[in-house]
Amino acid sequence: MTVDRIMISLKERAKLWQSTSTTLVEMESHAVGDVAQSFSLPFLAIRCVTDTSTQSMPDFTQFTDEFGAIQPSRVTRYLGRHPGKLASLMKLGAGVKKASVNLSNFGVSLVSVASGGMETGRETV
């Protein structure tokens, strides 16, 4: 399911699940797909999960600049005011890292298959 904002609170996530029974929520694919469609371009979304439905999320807009880039100084200030949130941010960071590795591995496999099983330095698919 695509939504138009970050599902921050556990209560909000539970309410969405109860009303839709959805197993995955993301924000970007639908909007990007709409743009692709408006230009008659093909579109495929491949996503990796970075957090679970039982993890609460901070409001990331407080960490980013006007371009959406994370500003470490803002994260540091946040943690100074909310030291108890360090563990949840570290868990989220670990999820992001794992998702990045999985997405990278998938991309390598996809390129290998698309090129007829070309050797990529990893196991040939």
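Which residues of helix 4 are buried? They are L89, L92, G95, A99 and S112, where buried means under 20% relative accessible area with a 1.4 Å probe, protein chains only.

## Ground rules

This is a predicted model, with local features needing pLDDT of at least 70, side-chain atom pairs counting only at pLDDT 80 or more, and totals for chains, interfaces and linings using all residues. Residues are numbered from 1 along each chain as its sequence is written, and side-chain values use heavy atoms, with hydrogens and water left out.

## Helix 4

Helix 4 covers residues 86-114; helices here are DSSP runs of H or I, at least four residues, numbered from the N terminus. Its 29 residues should span 42 Å, taking 1.5 Å times one less than the number of residues. The end C-alpha atoms sit 41 Å apart, which agrees.

The buried residues of helix 4 pack against helix 3 (72-81). Just after helix 4, G116 takes a positive phi of about 85°.

## The aromatic pair

The count of aromatic pairs comes to one, with ring centres required to lie within 6.5 Å. F63 and Y78 have ring centres 5.0 Å apart and planes at 75°, so they pair edge-to-face (planes over 60 degrees apart). F63 lies in the loop between helix 2 (29-38) and helix 3, and Y78 in helix 3, so the pair ties together parts 15 residues apart in sequence.

F63 is buried at 2% relative accessible area, and Y78 is buried too, at 7%.

## R13

R13 sits in helix 1 (residues 10-20) and counts as buried, at 13% relative accessibility. Leaving aside neighbours within four places in sequence, R13 is in contact with M7, I8, D51, T52, S53, Q55 and M57, contact being heavy atoms within 4.5 Å.

Conventions:
Helix = DSSP H or I, 4+ residues; strand = E, 2+ residues; numbered from the N terminus. Buried < 20%, exposed > 50% of the residue type's maximum accessible area, 1.4 Å probe, protein only. Phe/Tyr/Trp six-rings, centres within 6.5 Å; stacked < 30°, edge-to-face > 60°.
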